[in-house]
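Please look through the sequence and the structure below before reading on. The text after them walks through some of the contacts and surfaces.

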Amino acid sequence: MKISKLAMAATLCAAAGWAHAANVDFSGYFRAGTGVSERGGTQVCFGLPGADTKWRLGNECDYVIEPVFDTKVAEYEGSGWHVRMMPGVYRAWGQTEFGTDELVARFGQAYVYGDKIAPLANGTAWAGRRFYNRLQTGINDQFLENNDGDGAGIENMDFGFTKASIAFMMSGRGGANNNRFSVPVRLTDIKTVANGAFSVYVTPSLQTRSRNQVTDTATPREAKGLAVGAYHTLGGVLGGELLGGVRFDKLGEATNSRAVLQQTGNLGAGTRFDVVAEYRLAHAANGLDSRWTAIGGRTDTHITGPFRVLVELGHDRVKPDGQDLRTMTKLTLAGAVSAGKDAWSRPTLRVFVTHAVWNEAARKVLGQNWVNGERLQQVYGDRLNGTTFGVQTEAWW
């Protein structure tokens, strides 16, 4: 036991010395909170079954902890070579994992990259596990594009008129005889007008399989997949940015088509706003369609010193074939104390009240199709509205 403790102490000391000598950059993201429902018990979050997202402010029933450690370990011909690690945590309230409700960490990112490589058009070569191709809207936390996972690629090769990226992504954790891979291709920074740029994302996915030589069984064939997204940003509009985009993805006979519009900007000197509108048509393999429409917005107003007031209103509508129209409207009022007067100043601590109303068609299916649905149904399954109160902190650095 003494030898084990001494070995552990020596290891920790060596790691601390290495981190100091290697000049590790420390960054990350964090959010956590707690709250109650008006009926008693833990805060539950409001989301409409069949919708792709929910509205975030005062409506996040989870923990996210993503510390990132990045160190340059070598230089060669003007390029820097780095190792990046992120032992992250995501845990929805009430979720258990490995038999516990404690916060269990896993490596969401662990990869090596070399940047500014001249023979690769000053691009970045990388390999490992990472967050990749993330294109996100803010107030509903939606990833319009997302290819997180294990793989390798070359990113942001600068050809003057565009920056090009390509990767090969495939998890090695699946079975030996069956897996899927994707080849995300991205073209960004295609200049259009002043302050305007166009981006294209194309991601085919295919099955790779073999026959099991132990059981002498063939692996069933899976459908091919393809996703194509096109987005245009225009800066300087209303003091912010206008994003417009369309996306189509297909897996066998199942398809999704969507259009999204987001505008950020300023209302006077102290108020920042963010508005998102989206329409999505999902066509299932059985021939049935589901339509989702969402529109919502948030204002974030500086009052004085570190104090802010935030308001968020969002409305969702879902119409599955052969079923009644489902609707939900969510409103949050929040007061915040932040480390600065800008809307993005962090850390921030918020106190909020959230109220949501929904129709009878939504009430009948509150527990379906999303992580917090069962908890929402357990508290408000006999009603058409609900209110929660809570506190939340958020930081990035």
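The model is a predicted one.

Side chains of opposite charge can pair when their charged atoms come close. In this model the count of salt bridges comes to 32. One of them joins arginine 31 and glutamate 60, with 3.3 Å between the closest N and O atoms. Arginine 31 belongs to strand E1 (residues 25-37), while glutamate 60 sits in the loop between E1 and strand E2 (62-76), 29 residues apart. Arginine 31 has a relative accessible area of 6% and is therefore buried. Glutamate 60, at 9% relative accessibility, also counts as buried because the cut-off is under 20%. Both residues take part in a network of salt bridges made up of Arg31, Arg56, Glu60, Asp62, Asp141, Arg346, Arg350 and Glu394.

The loop between E1 and E2 takes part in other pairings. Aspartate 382 and arginine 39 meet in a salt bridge at 2.8 Å, N to O. Aspartate 382 lies in the loop between helix H3 (373-380) and E21, and arginine 39 in the loop between E1 and E2, so this pair ties together parts 343 residues apart in sequence. Aspartate 382 is exposed, at 55% relative accessibility, whereas arginine 39 is partly exposed, at 42%.

Arginine 280 pairs with aspartate 52, the closest N and O atoms again being 2.8 Å apart. Here arginine 280 comes from strand E16 (residues 271-283) and aspartate 52 from the loop between E1 and E2, so parts that are 228 residues apart in sequence are tied together. Arginine 280 counts as buried at 3% relative accessibility; aspartate 52 is partly exposed, with a relative accessible area of 35%.

Next comes the second largest pocket, with a volume of about 320 Å³. Its lining consists of 21 residues, and Asn146, Asn147, Ser182, Thr203 and Ser205 lie nearest the centre. Strands E8 (149-158), E10 (178-182), E12 (196-209), E13 (225-237) and E14 (240-251) each supply at least two residues of this lining. E14 gives the most, with four residues. By type, the lining residues of this pocket are five nonpolar, eight polar and eight charged.

Last is the surface. Phe26, Phe69, Met85, Phe107, Trp344, Trp396 and Trp397 make a nonpolar surface patch of about 730 Å². Within this group, tryptophan 397 is located in the segment after strand E21 (385-396). Tryptophan 397 counts as partly exposed because its relative accessibility is 42%.

Notes: Residues numbered from 1 in each chain as written. Predicted model: local features only at pLDDT ≥ 70, side-chain atom pairs only at ≥ 80, totals over all residues. Heavy atoms only, no water. 1 Å grid on protein atoms, 1.4 Å probe; cavity = no way out; pocket = protein on both sides within 12 Å on 5 of 7 lines; lining within 4 Å. Points joined across faces, edges and corners; volume = space filled by probe spheres on them. Nonpolar A, V, L, I, M, F, W, Y, C, P; charged D, E, K, R; others polar. Patch = residues over 30% accessible without salt bridge, like charges linked within 9 Å, V, L, I, M, F, W, Y side chains within 5 Å. Areas by Shrake-Rupley, 256 points an atom, 1.4 Å probe, with all protein chains shown as cover. Salt bridge = Lys/Arg side-chain N within 4 Å of Asp/Glu carboxyl O. Buried < 20%, exposed > 50% of the residue type's maximum accessible area, 1.4 Å probe, protein only.
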